[in-house]
Amino acid sequence: MIRRIKKVAILGSGIMGSRIACHFANIGIETILLDIIPFELNEAEKSKGLTIEDKVVRNRIVNDAFKATLKSKPASLYHKSFKDRITVGNFDDNLDLIKDADLILEAVIENLDIKKSLFEKVERHRKEGTIIASNTSGIPIHLMLDGRSEDFQQHFCGVHFFNPPRYLKLLEVIPTPKTKTEVVDFLMEYGDKNLGKRTVLCKDTPAFIANRVGIYAILKVVESMQKLGLNVDQIDKLTGPVIGRPKSATFRTSDVVGLDTLAKVANNLHAGLVNDEARDIFKLPDYIGKMLDNNMLGDKTKQGFYKKTKDENGKRKILTLDIQTFEYNDKQKVNFPTLGQTKPIENLKDRFPILLGGKDEAGEFYRDSFFGLFQYVTNRIPEIADELYKIDQAICAGFGWEMGPFETWDAVGLKKSINKMEEAGYTPNQWVYDMLDAGCESFYVVEDGNKKYYDVTSKSYKALPGGSSFIILDNIRKTNKVWGNAGATLFDIGDGVLNLEFHTKMNTLGGEVISAINKSISIAEENWKGLVIGNQAPNFSAGANLALLLMYAIEQEYDEINMMIAAFQKTMMRLRYSSIPTVAAPHGMALAGGCELTLHTDLIQAAAETYTGLVEVGVGLIPAGGGTKELTLRVSDRIEAGDVELNALQNSFMHIATGKVATSAYEAFDMRILTEKDRISINKDRQIADAKNAVLKMVENGYNQPKQRDDIKVQGRAGMALFTAGVMGMRRGNYISDHDVKIAEKISYVMNGGDLSQSTLVSEQYLLDLEREAFLSLTGERKTLERIQHMLKTGKPLRN
């Protein structure tokens, strides 16, 4: 049976239901969102003379929930227009709409009786063979089947999205013994390829995999904190990006999620895990009980472990809770010698031996919390998963960790850490000793470019499932390197295609990277089919190396700056006009020079979560790597003549002048950063493979080397006059500074082709020369230097 999903019905419009509906809308699926009708009129409805029979009343709950989701940040939709793919209604009047649904997903309150009652109604309308799933985080899946038909039971499965569904990659799939294998297989594949998820097959055990291990890890951190007398600021410093976890770390995450939510899951686990050797970890400490009693739940109640307030000057400040005194104090600056030792280490794997080997309190904390975690996950096999990789995949995708527990243990060193664990009172499960006795000294190995995991049952290494569908650069790092320098590495990714990976800090574009791009093109043009430029770091590229630019600007080495910009422009043009197809694979941040690079490849294979834009105005400059030229060219290609053309050009001008950043790849189409030829990868893990296939497709279709353009229409003085009027209006309204006006005038000058008396056709090189001239003139401005210095110091733009 070939199963296709054309329409989805989401039953329940709460935080999860509405956001899941949005994510199905994100991938183009017609979606129905239903909920209960209100029990009674509210005061506003009474004042309008409405009755419970009015549609606006009957749909109030679903409408309010959906509107709240549309307003929430971060956005649940890739593009605001996608909301039109969602139809709302209520269970009483509109449940018959599910008869045409190919997938029905229940997301109502976590109450078994309510879910079972809804399923009884669903059976009256659901067509046979339709998959039905429950998005539950805690109720045993098999308990929901009582009284259901055989067809319902065979097509029923648990699924567990993580909040927010757009951003957190995990989708746990939890079948019952009666679920058809083809249903499970379909959901696993559909979640991966269509929804962009890391799908993990789970057993029907309490909290499944991610929450079971993730909540343990959080509460183990809390226990270790109390043992060592550490405070909230210290713990969030120790458990954030330095160990590959989100910036929100431990306690800020609790404030965002809600302490009541965390407490509910922990209490349920403590009650249900009567045979868990670490059950006492799930018993919340007294101070958390006190916080719950005082309604200190986090962001939703304006205070939790942190509290936002303002100082005497009205400036926002964040206070931290002292869990001993229950008073809020100024945030403390946290310094540990162990953390200082890891500052120069970019590679996360290389940090862990230093962190767990620390001689200070930080080292003690890491050893206690990680040794406990290592022990705990060994005891969960085979209880919650038969294969250890599922635990790593679930916790990384669900909690945003860069490395799972077993991957982290490998980085620390399994064999050398066992004795230290035993000395600390954390003895791993016997299967770990059996593994070492079998000569297997790590949980993962890479052989011939393929990553394998240790299989506990067979006591041998097995290939990770689905590995052939992905290109993981870490797996081919030792075997497929073609060339490299200090800033980048060129890999053979198969079938005659190369991939250039940057590995500077934030993948910034300095001399080594520019040299690597040129060298890679030369190598590819000799004997290869094409080139992908992509990496699997958190961000594609944050732009140019500002530190080098600042040094030259301070020393007034303008010839050096001119040469640097000319070299960058030349490289971008070589990328555009090489004899082989080139594909950029941006994801995360692709800003400034990183954005300009993508604009000059033959095709962009963007991850859905790509945040891109020409943001140079934030450091007092204009895009001079061909970005200003390229947006001008794209408007020229798109519009034919007249005022409409000026309006289109003005839109692109405003995007550059305001430093606008697309908040998804779909928004980048609106900004003309992506065009009709470009493609989007919903699943970032498949992006490099997708980009490679795009290269091969261009080769198959007969790739021809393009010719430089000399037919770009610019508007001259008429365009500059229009733009100047808009800019001065913004200045009079105090929306921008005098320096912003100066930058905007430079951008306008370039995009309109300079001081021309009428619209004219110009070449790319003409516009590049104007770009470089404008850029150079701004590097001598004091306020530009201030902006660059501020960006390097804080990572944030300054408007002076």
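Q: Which residue forms a salt bridge with Arg 787?
A: In this predicted model, local features need pLDDT of at least 70, side-chain atom pairs count only at pLDDT 80 or more, and totals for chains, interfaces and linings use all residues. Residues are numbered from 1 along each chain as its sequence is written, and side-chain values use heavy atoms, with hydrogens and water left out. A salt bridge requires a side-chain nitrogen of Lys or Arg within 4 Å of a carboxyl oxygen of Asp or Glu. The closest N and O atoms are 2.9 Å apart, and the partner of Arg 787 is Asp 740.

Q: Are Arg 787 and Asp 740 buried or exposed?
A: Buried means under 20% relative accessible area, exposed over 50%, and partly exposed in between (1.4 Å probe, protein chains only). By this criterion, Arg 787 and Asp 740 are both buried.

Q: Which residue meets Arg 576 in a salt bridge, and what is its relative accessibility?
A: The side chain of Arg 576 meets that of Glu 630 at 3.2 Å, N to O. The pair links distant parts of the chain, with Arg 576 in helix α24 and Glu 630 in helix α26 (residues 627-638), 54 residues apart. Arg 576 is buried, with a relative accessible area of 12%.

Q: What is the relative accessible area of Asp 93, which forms a salt bridge with Arg 58?
A: The closest N and O atoms of Arg 58 and Asp 93 are 2.6 Å apart. This pair joins helix α3 (residues 55-58), which holds Arg 58, to helix α5, which holds Asp 93, 35 residues apart. Arg 58 is buried, with a relative accessible area of 11%. Asp 93 counts as partly exposed because its relative accessible area is 38%.

Q: How many salt bridges does the structure hold?
A: Side chains of opposite charge can pair when their charged atoms come close. For the structure as a whole, the number of salt bridges is 53.

Q: Which residues of helix α19 are buried?
A: Helix α19 covers residues 414-423. Seen down its axis, the buried residues fall within an arc of 125 degrees (taken from the directions from the helix axis to the C-beta atoms), so they line one face of the helix. On the other side of α19, Lys 415, Lys 416 and Glu 423 are exposed. The buried residues are Leu 414, Ser 417, Ile 418 and Met 421.

Q: Why is helix α18 described as largely enclosed, and which of its residues are buried?
A: Seven of the eight residues of α18 (residues 405-412) are buried, so the rest of the structure largely encloses this helix. Just after α18, Gly 413 takes a positive phi of about 110 degrees. The buried residues of α18 are Pro 405, Phe 406, Glu 407, Thr 408, Trp 409, Ala 411 and Val 412.

Q: What is the relative accessible area of Asn 507, which has a positive phi?
A: Most residues other than glycine have a negative phi, and most peptide bonds are trans. Asn 507 has a positive phi of about 55 degrees although it is not a glycine. Asn 507 lies in the loop between β17 (497-502) and α22 (511-527). Asn 507 is buried, with a relative accessible area of 3%.

Q: What is the omega of the peptide bond from Ile 381 to Pro 382?
A: Pro 382 is found in the loop between α16 (361-379) and α17 (388-399). The peptide bond from Ile 381 to Pro 382 is cis, with omega near 10 degrees.

How values were computed: Helices (H or I, at least four residues) and strands (E, at least two) are DSSP runs, numbered from the N terminus.
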